[in-house]
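Biologist: Before we discuss the sheets, I would like each name set against the rule behind it. Could you take me through them one by one?

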Amino acid sequence: MAIASDIISLIGNTPLLALKGPSAETGCTILGKAEFLNPGGSVKDRAALSIIEDAEASGALSPGGTIVEGTAGNTGIGLTVVAAARGYRTIIVMPETQSREKQDTLRALGAELVLVAAAPYANPGHYVHTSRRIAEETPGAIWANQFDNIANRRAHVRTTAPEIWAQTEGRVDGFTCAVGTGGTLSGVALGLREKNPDVKIALTDPEGAALYNWFACGELRGEGSSVSEGIGQSRITANLEGLAVDAQYRIPDAEGLAWVRRLNAEEGLCLGLSSGINVAGAVRLAQAMGPGHTIVTILCDSGLRYLSTIWNPEWLAGKGLG
Ligand code: PMP
């Protein structure tokens, strides 16, 4: 039947989109997994569903329960969509530096939003630690813990990677994306390598994140900064544990933004900056591998989530990126 039983059944099975500009530039076939088409508008719907189903199966989450999470926004939106459809309440803790659009979306969807000041991970006020404390203090609540809960990575092993394999008919040579929790990169890497251990996996890091140096020289150290949201990790999360990559790239915001603009002007896509950084990484991987290869990356979320930031020329100029 061509009828979806509920919104949750619409998560995943996203299209794989040929990216003409990046492909023409490299002589490769560069494909973007259109994760912005998920019901909650991002790649994080997959992790949200997997975390909730895992908590239901273990008995940690009971009917009428509460889900608490610290998030840059997209996981909170995914959790809130799934929670609403299943009758749970959500309390979402987010740094106040994240886009106004994501805050407004969370409130509109019915999440209880707790905004905290941006702080280093070592600070007890950091959004992740705050969300853990709220979960501990709330009766009937679970802490989704996307960074260290490997139900996140499992979603990509079980859904994203097999979809990419099927959509390319097994002809995928390389995969790359940036890391927030690491669930997407690590899970897709595991899932694709299960099918073909020779698939090249590359990390694409924004400036300021520590993983580029970790994979390049074993030092967990970041340099510079990025206005991107949802990516840029400074530690080895449980979702990243055991991941080995074949290459690593560090992408300046200007390079990611140039792809965001080109994909809009030439191909009608309106994307967030993490997608532009991912495409820049896919181009670097394609250049390293040489013409004729098929490279897949993730189009994480829509630019409509950032109309007040990267899609606002005045805001960009204020950040020196105009
Ligand atoms: N892009 C955006 C916009 C995100 O919100 C996230 C999730 N934080 C990512 C990329 C990275 O995904 P992951 O958490 O699976 O590493």
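Biologist: Which residue in β4 is the bridge partner of Glu-69?

Modeller: The partner of Glu-69 in β4 is Ile-92. This is a predicted model, in which local features need pLDDT of at least 70, side-chain atom pairs count only at pLDDT 80 or more, and totals for chains, interfaces and linings use all residues. Residues are numbered from 1 along each chain as its sequence is written.

Biologist: What makes β3 and β4 a pair?

Modeller: Two strands (DSSP runs of E, at least two residues, numbered from the N terminus) pair if DSSP finds at least two bridges between them.

Biologist: Why are β5 and β6 called edges?

Modeller: The open sheet has the order β5-β4-β3-β6, with parallel pairing. Because β5 (112–116) and β6 (141–143) each have a single partner strand, one side of each is left without a neighbour in the sheet.

Biologist: How is helix α3 placed against β4?

Modeller: Helix α3 (residues 74–86) lies across β3 and β4 and runs at about 175° to β4. Angles run from 0 to 180 degrees between N-to-C directions of axes fitted to C-alpha atoms, for helices over the stretch in contact, where contact means C-beta atoms, placed from the backbone, within 7 Å; a helix is a DSSP run of H or I, at least four residues.

Biologist: What is the order of the strands in the mixed sheet?

Modeller: Six strands form that open sheet, in the order β1-β2-β10-β7-β8-β9. Its edge strands are β1 (16–18) and β9 (247–251), each pairing on one side only.

Conventions
Two residues are in contact if their C-beta atoms, placed from the backbone, lie within 7 Å.
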